[in-house]
Amino acid sequence: MVSSGLFVNLCIFSFFVSIMITIRIFLLQRLAHKYKWMSGIYASIVSAILMVYSVTYQQITYDLRFLPLILTVLYFGYRAGAVAGITMAVCSIYLESHWLLTILILIFTFLFSLPLIRYKKQFSLLKQSLLCFFLHFIVHVLLTNYFWNTPIQSPFYSEIEYLVFGILGLGVAVATIEFYRKFYAVAEEAAYAGSDSCKDEEDSFFCQNNEKRTRIYERTVGVFY
């Protein structure tokens, strides 16, 4: 039951990651300065859709709503992550009865991931995303089972399923985004290499080298004559 619901969440999440990249390619090239804020709102919309398709097992709700927030924090910074988190909290209030638990998990996940700023350059984006999700997973388990008034604790195998699907979701998302970024960088470099501006710079560099050679030759001739 939990596996089927999380699998649906994983498919939806992967689909919206692809949609985000498509929007970035075709629509947001001229809005790069606003893209961070728009990405936060987009992440909250995806989280709300994942909430709608969540699965409840023994009074515990499972979905991958926190994955868009983690990716937003890693790729667009904590300001965009704050926008995504606030909007996500508002969506949770309107969509869920136990919205307070979601907001608490959201707050503690956000706070515990703040120290990653200091060590951000020491880890790859995949490792950062997995570390953020592990922190969120610990917060989720502790709050759901020990600090929240739930009559039934979440089964161990259900939590493991949640962990596995979360790791899969982040792995697919980061791999897709990084592939796009590297492909886009190579395409931009190839386009620039064949452009007139690049040729002009090469001609300018060639002329500068010729001028340097001429000045050296003139100084050399002056010494001997």
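**Briefing: nonpolar core and salt-bridge network**

Within the largest nonpolar core, which has 51 residues, L64, Y75 and Y162 touch the most other members. Such a core is a set of buried Ala, Val, Leu, Ile, Met, Phe, Trp, Tyr and Cys residues joined through side-chain atoms within 4.5 Å; buried means under 20% relative accessible area, exposed over 50%, and partly exposed in between (1.4 Å probe, protein chains only). The model is predicted: local features need pLDDT of at least 70, side-chain atom pairs count only at pLDDT 80 or more, and totals for chains, interfaces and linings use all residues. Residues are numbered from 1 along each chain as its sequence is written, and side-chain values use heavy atoms, with hydrogens and water left out.

- At least two core residues are supplied by each of α1 (2-26), α2 (35-52), β2 (60-62), α3 (67-95), α4 (99-113), α5 (125-145) and α6 (156-193); helices (H or I, at least four residues) and strands (E, at least two) are DSSP runs, numbered from the N terminus.
- Helix α3 provides the largest share of this core, with 13 residues.
- In soluble globular proteins, nonpolar side chains tend to be buried together.
- Beyond its neighbours within four places in sequence, Y162 is in contact (heavy atoms within 4.5 Å) with L6, Y62, D63, L64, F66, F133, H136, F137 and H140.

**Salt bridges**

- The whole structure contains two salt bridges, a salt bridge being a side-chain nitrogen of Lys or Arg within 4 Å of a carboxyl oxygen of Asp or Glu.
- One of them joins D63 to R65, with the closest N and O atoms 2.6 Å apart; both D63 and R65 are buried.
- R65 also forms a salt bridge with E96 at 2.5 Å, N to O.
- E96 is buried, as is R65.
- Together, D63, R65 and E96 are linked in a network of salt bridges.

- The structure holds zero disulfides, a disulfide being a pair of cysteine sulfur atoms within 2.5 Å.
- C11 is partly exposed, with a relative accessible area of 38%.
- C132 is buried, at a relative accessible area of 4%.

**L104 in helix α4**

- L104 is placed in helix α4 and counts as partly exposed because its relative accessibility is 27%.
- The C-alpha atoms of L104 and H140 are 9.3 Å apart in space, while these residues are 36 residues apart in sequence.
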